[in-house]
There are 2 protein chains.
Amino acid sequence: MFKTNEYFDGNVKSIAFNTETLAATIGVMAVGDYEFGTSQREYMTVTSGQLNVILPGQITAKTFNEGETFIVEANLSFKVSAVVETSYLCKYED
Amino acid sequence: MFKTNEYFDGNVKSIAFNTETLAATIGVMAVGDYEFGTSQREYMTVTSGQLNVILPGQITAKTFNEGETFIVEANLSFKVSAVVETSYLCKYED
């Protein structure tokens with residue numbers, strides 16, 4: 001029914017679903033540093049915990065706490081550092 | 001690393017993790033009606049979608065939208081109706 005995906009040796013795990021308007025995943029990240037690539041525009045919201053994010057084209061990280069959202073355009077990569085175990089909601093634009 | 005659980009023939013699926021303070025799960029629910037029981041006090045937040053919830057001792061449902069939280073004490077049951085595919089964050093008090 002709902003598909004699960006694992007990345008980075010299981011340190012990031014997510015479940016795919018659909019919101020009313022967009023494909024989405026919810027997921028969790030162990031403490032650590034990760035680099036992700038996008039194939040669509042992504043809207044990523046921290047639902048618990050904290051992420052330090054280096055957005056595409058940036059050299060310094062910006063902190064996103066619970067309830068905060070960042071957007072990454074398609075076909076770009078971004079770096080994420082999970083300061084604590086963190087959960088997120090990611091919506092993918094068509 | 002992160003444990004996945006399925007309920008109601010896979011119509012509800014969750015990933016267990018830990019917030020800084022409490023054990024937690026994130027999960028998704030297909031459209032449908034579910035009854036859950038608690039073993040600890042639970043703080044349940046809708047992270048996307050909408051749930052109509054009949055809390056313990058109540059006879060009418062209350063609607064919870066994205067960003068809204070309800071609390072259920074330990075050892076009680078509550079009924080949830082997912083109006084659309086819905087994601088949630090649940091924190092469990094020790």
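**Strands and interface**

Modeller: In chain A, four bridges join strand β5 (residues 42–48) to β8(A), and the two run antiparallel. Strands are DSSP runs of E of at least two residues, numbered from the N terminus, and two strands pair if DSSP finds at least two bridges between them. This is a predicted model, in which local features need pLDDT of at least 70, side-chain atom pairs count only at pLDDT 80 or more, and totals for chains, interfaces and linings use all residues. Residues are numbered from 1 along each chain as its sequence is written, chains are lettered from A in the order in which they are written, and side-chain values use heavy atoms, with hydrogens and water left out.

Colleague: Which residue of β8(A) is the bridge partner of A:Thr45?

Modeller: The strands β5 and β8 of chain A run antiparallel. Within β8(A), the bridge partner of A:Thr45 is A:Thr69.

Colleague: In chain B, which residue of β10(B) stands opposite B:Thr45?

Modeller: Strand β5(B) is mostly covered, with six of its seven residues buried. It pairs with β8(B) in the antiparallel sense over four bridges, and there B:Met44 stands opposite B:Phe70. Six bridges join β5(B) to β10(B), also antiparallel. In β10(B), the residue opposite B:Thr45 is B:Leu89.

Colleague: What area is buried between chain B and chain A?

Modeller: Contact means heavy atoms within 4.5 Å, and 26 residues of chain B are in contact with 25 residues of chain A. Buried area is the accessible area (1.4 Å probe) that two parts lose on being put together, summed over both. Carbon and sulfur atoms give 67% of the area, which is about 2100 Å².

Colleague: Which residues of chain B lose the most area to chain A?

Modeller: Three residues together account for 27% of what the side of chain B buries. They are B:Phe2, B:Val28 and B:Glu85.

Technical notes:
Buried < 20%, exposed > 50% of the residue type's maximum accessible area, 1.4 Å probe, protein only.
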